[in-house]
Amino acid sequence: MSAILRPPEAAPAPATPPASKAPPRPTGRRLGTIATTALSALGVLWAAATVTFLAQVLMPGDRATLLLNLSTGQTVERTPEELAPINERFGFDEPLPAQYLEYLRGLAGGDLGTSYQQLKPVTEVISDQLAPTLLLTCGALLVAWLLALGLILLTARRGRARSALGSGFEALAASLPHYWLGVILLVVFAVELRWFPVVGGSGPAALALPVLTLAVPLAGFLGQVTRDEFERTLDQPFVVSARARGVGDLAVRVRHVLRHSVLPALTLSGWALGALFSGAVLVERVFSRPGLGQVLLNAVNARDVPVVAGVVMVVALVYVVANLLVDLAYTLIDPRIGER
């Protein structure tokens with residue numbers, strides 16, 4: 001009975017539910033992605049360095065003889081006594097693996113070798129002409145993007161005739177060869193109309209035609225890739241919702257649609273910057289501009305292999321850096337990509 005009369009024990013207080021944990025931040029995944037990208041970039045640079053080294057050692061003819069002939073301007077047979085100091089100075093008489101390791105060690109320290117023709121460091125030869133080429137290629141990439149996006153915003157899904165006109169212009173622009181377009185622009189706008197200098201010059205007017213020569217074909221490629229994705233995005237539910245909220249057509253296209261449709265073309269930009277460097281060789285020749293194009297052309301004609309290899313390494317480095325920037329831009333445009 002006493003047990004019955006004893007007041008009931010107080011019920012234990014319900015346990016406080018554990019606070020919900022915030023989802024772990026994907027820092028580890030991002031670091032892993034960055035590490036993978038960095039290793040891929042190093043792999044590309046190592047492959048480019050190996051190819052350029054093999055191109056130097058497998059080239060027909062003796063390198064010491066070629067170097068002496070280029071420096072003296074005379075193509076004659078050299079005696080072993082004449083070649084011995086050259087072989088010793090540049091290490092041509094060392095075993096091939098030792099030369100390869102020395103070449104990689106020099107690259108790691110920023111040493112691209114010595115020009116056979118000018119007898120000065122290749123880094124000095126390239127750095128003297130790098131700025132005009134970078135200005136030309138980066139300007140062309142910027143103008144190409146502006147042309148492509150402007151054309152899409154003005155023509156995509158704005159009536160059948162206007163959309164077909166924009167798509168046709170993109171196809172035509174993408175098929176234009178750099179050399180042919182440069183000559184046409186030079187004849188029409190420089191020779192006939194005299195709006196721009198014919199050759200040379202260092203101001204913005206002298207840069208306009210070379211930039212357009214590189215930018216117009218690239219704008220066609222970027223526009224074709226972006227247009228399909230842009231038109232698909234226009235049908236997405238979030239676009240319909242934005243229109244239902246009263247957002248204007250131009251604001252919908254710029255703020256909502258464009259952001260989701262530029263990713264494929266953004267991928268092409270990393271490749272395009274490397275392609276623009278090769279296109280700059282012809283454009284600088286047409287417009288008689290200084291730059292790496294002239295350096296590469298002179299080095300190929302003179303068989304100055306270290307300079308050719310140095311230009312290849314610089315282009316590979318630009319390609320790698322451009323792709324790293326593209327990956328970074330991906331995560332800025334769509335943060336979900338960096339969290340996957």
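**Note on the predicted model**

1. Leaving out residues up to four places away in sequence, Gly 182 touches Thr 213, Val 286 and Phe 287, where contact means heavy atoms within 4.5 Å. Gly 182 belongs to helix H8; helices (H or I, at least four residues) and strands (E, at least two) are DSSP runs, numbered from the N terminus. With a relative accessible area of 0%, Gly 182 is buried; the term buried stands for under 20% relative accessible area, exposed for over 50%, and partly exposed for values in between (1.4 Å probe, protein chains only). From C-alpha to C-alpha, Gly 182 and Leu 209 are 7.4 Å apart in space, although 27 residues apart in sequence.

2. On the basis of the note: this is a predicted model, in which local features need pLDDT of at least 70 and side-chain atom pairs count only at pLDDT 80 or more, while totals for chains, interfaces and linings use all residues. Residues are numbered from 1 along each chain as its sequence is written, and side-chain values use heavy atoms, with hydrogens and water left out.

3. The protein has 15 helices and 0 strands. Of its 340 residues, 38% are buried. Among contacts with a separation of 6 or more, 73% join residues 24 or more positions apart. The accessible surface comes to about 19,700 Å², and carbon and sulfur atoms hold 66% of that area; accessible areas come from the Shrake-Rupley method with a 1.4 Å probe, and for residues only the protein chains shown count as cover.

4. A nonpolar patch lies on the surface, with about 1,100 Å² of accessible area together; Trp 180, Val 183, Trp 195 and Leu 282 are among its residues. Patches are made of residues with over 30% relative accessible area and no salt bridge, like charges being joined within 9 Å and nonpolar side chains (Val, Leu, Ile, Met, Phe, Trp, Tyr) within 5 Å. A salt bridge is a side-chain nitrogen of Lys or Arg within 4 Å of a carboxyl oxygen of Asp or Glu. Helix H8 (residues 178-192) supplies the largest share of the nonpolar patch, 7 residues. Leu 282, by contrast, is part of helix H12 (residues 263-286), and it counts as partly exposed because its relative accessibility is 42%.

5. Thr 233 is located in helix H9 (residues 204-233) and counts as buried because its relative accessibility is 4%. A polar atom of the Thr 233 side chain lies 2.7 Å from the backbone oxygen of Glu 229. Apart from neighbours within four places in sequence, Thr 233 is in contact with Phe 238, Val 239, Val 257, His 260 and Ser 261.

Note on methods:
A polar contact is a pair of N or O atoms within 3.5 Å; within protein, one must be able to donate a hydrogen and the other to accept it, and residues adjacent in sequence count only if both atoms are side-chain atoms.
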